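Biologist: I'm new to this one. Can you walk me through it?

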Amino acid sequence: MYLFTDTNQGIRTPTFSIKTTFNSVVLEDVLNNEDGNFITLTIKGRGIVNQVHQSANPIGKNGQYFYSKTYDLRTIDLKVKLSGNDNLKIRRQYERLNSILNTDEPSFLSFSDEPNIFYKAQFKESTNEEEI
């Protein structure tokens, strides 16, 4: 018996289903256009958040007196792929992204895999950019 592979199926390309929304703008919807593409690859920092405890050491007593707690600052790291079809178009893509991220105060950040969770976020920095 012989087994054959259907060569007409083509090669499957991976699909990324997470969409990122910042300041009411869905980045994938705006940056997937005639100039190029935008894909959210990974998101880090949405797990357990550290707590900061306010407490005091009473004189003459063992242990600490607990006053209250607050949540520590959370850093959300996104790994994205931004592409352009040529040099001019990649520059336009960066300009679009910069205009979306440039806010004067924290804005709502959310992801399509957790539609009911919002973070108040302020863009800080970009690292590991690769431009060709």
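Modeller: Contact means heavy atoms within 4.5 Å. This is a predicted model, where local features need pLDDT of at least 70, side-chain atom pairs count only at pLDDT 80 or more, and totals for chains, interfaces and linings use all residues. Residues are numbered from 1 along each chain as its sequence is written, and side-chain values use heavy atoms, without hydrogens and water.

Biologist: OK. Which residues is Leu97 in contact with, leaving aside neighbours within four places in sequence?

Modeller: Leu27, Leu31 and Leu82.

Biologist: And which residues touch the most other members of the largest nonpolar core?

Modeller: Phe22, Leu27, Leu31, Leu82, Leu97 and Leu109, out of 15 residues in that core. A nonpolar core is a set of buried Ala, Val, Leu, Ile, Met, Phe, Trp, Tyr and Cys residues joined through side-chain atoms within 4.5 Å. Buried means under 20% relative accessible area; exposed is over 50%, and partly exposed is in between (1.4 Å probe, protein chains only).

Biologist: Which elements give two or more residues to the core?

Modeller: Helix H1 (27–31), strand E3 (36–44), helix H2 (87–101), strand E7 (107–111) and strand E8 (114–121). H2 gives the largest share, five residues. Helices (H or I, at least four residues) and strands (E, at least two) are DSSP runs, numbered from the N terminus.

Biologist: Switching to sheets. What is the strand order in the open sheet?

Modeller: E2-E1-E7-E8, four strands with antiparallel pairing. Two strands pair if DSSP finds at least two bridges between them. Strand E2 (25–26) and E8 are the edges, each pairing on one side only.

Biologist: How many bridges join E1 to E2?

Modeller: Two, with strand E1 covering residues 20–22. Thr21 has Val26 in E2 as its bridge partner.

Biologist: What about Ser107: buried or exposed?

Modeller: Ser107 is buried, at 8% relative accessible area. Ser107 sits in strand E7. Beyond four places in sequence, Ser107 touches Phe22, Asn23, Tyr119, Lys120 and Ala121.

Biologist: Last topic, pockets. Which residues lie nearest the centre of the largest one?

Modeller: Leu78, Phe123, Glu125, Ser126 and Thr127, among 43 lining residues. On a 1 Å grid over the protein atoms alone, a pocket is an open set of points where a 1.4 Å probe fits, with protein on both sides within 12 Å along at least five of seven lines; lining residues have an atom within 4 Å of a point.

Biologist: Which element supplies the largest share of that lining?

Modeller: E6, with eight residues.
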